[in-house]
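I began with the nonpolar core and then turned to a helix and to single residues.

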Amino acid sequence: MAERAAPVVPPPTPLAKVPRLIRHGGVPPKEYKAARGYSVGEIRAVGLTVKQARLLGIYVDERRKTVHEVNVKALSEWLEKVRRGEISPPPPTLPKVIKVKMDRGRVFKGKTMAGRRMRGLLSVKYRYTHKYKWKRKQKERLLKKRHEAARHKGGH
């Protein structure tokens with residue numbers, strides 16, 4: 001009779017303490033909640049490195065600093081079963097590789113005049129040129145909008 005392969009059992013869910021909130025009156029509704037992963041201290045307490053833990057399918061939360069005895073005990077019991085061969089660990093939980101795109105140049109981002117022109121960000125062609133400015137001033141003088149209309153250029 002051939003031996004069957006050990007069942008794949010994921011590691012126990014890591015726990016983290018629930019923060020005390022003012023609305024709870026200083027007494028949280030429950031002591032622990034499910035955490036993102038085991039802290040580095042908890043993994044070291046069991047006798048593993050972070051890489052070994054991830055290869056065994058254990059999630060590691062490197063930001064969490066606390067070491068809870070509940071997590072250490074549950075993880076050590078699970079590891080003992082894995083070492084004995086009663087259960088087998090899930091596939092590795094190595095972090096995803098994030099591909100960083102190359103930074104595009106200043107022209108592409110439209111930070112230079114040539115880039116703005118290329119990307120169609122200069123919608124009004126002749127605005128802010130000196131000819132546009134003088135033409136606008138002359139129009140305002142004729143409509144007597146400007147302070148210059150009363151003083152110079154033939155105004156009353």
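Entry 1, nonpolar core. I looked up the largest nonpolar core, which has 15 residues; Ile-43, Leu-48, Ala-53, Ile-58, Leu-75, Trp-78 and Leu-79 touch the most other members. I took a nonpolar core as a set of buried Ala, Val, Leu, Ile, Met, Phe, Trp, Tyr and Cys residues joined through side-chain atoms within 4.5 Å. Buried means under 20% relative accessible area, exposed over 50%, and partly exposed in between, with a 1.4 Å probe and protein chains only. Both α1 (40–46) and α3 (69–84) supply at least two residues of this core, and the largest share, five residues, comes from α3. Helices (H or I, at least four residues) and strands (E, at least two) are DSSP runs, numbered from the N terminus.

I note that the model is predicted: local features need pLDDT of at least 70, side-chain atom pairs count only at pLDDT 80 or more, and totals for chains, interfaces and linings use all residues. Residues are numbered from 1 along each chain as its sequence is written, and side-chain values use heavy atoms, with hydrogens and water left out.

I located Leu-48 in the loop between α1 and α2 (50–55). Leu-48 counts as buried because its relative accessibility is 10%. With neighbours within four places in sequence set aside, I found Leu-48 in contact (heavy atoms within 4.5 Å) with Ile-43, Ala-53, Leu-56, Ile-58, Leu-79 and Arg-83. On the same terms, Ala-53 is in contact with Ile-43, Leu-48, Ile-58 and Val-60.

I listed the buried residues of α3 as Asn-71, Val-72, Leu-75, Trp-78, Leu-79 and Val-82. Seen down the helix axis, they fall within an arc of 140°, so they line one face of α3; the arc is that of the directions from the axis to the C-beta atoms. Their cover includes β1 (15–17) and α1. The face turned away from the buried side carries the exposed residues Glu-69, Lys-73 and Arg-84. Just after α3, Gly-85 takes a positive phi of about 95°.

Is Asn-71 buried or exposed? Asn-71 counts as buried, because its relative accessibility is 2%. Not counting residues up to four places away in sequence, Asn-71 touches Thr-13, Pro-14, Leu-15, Tyr-38, Glu-42 and Arg-64.
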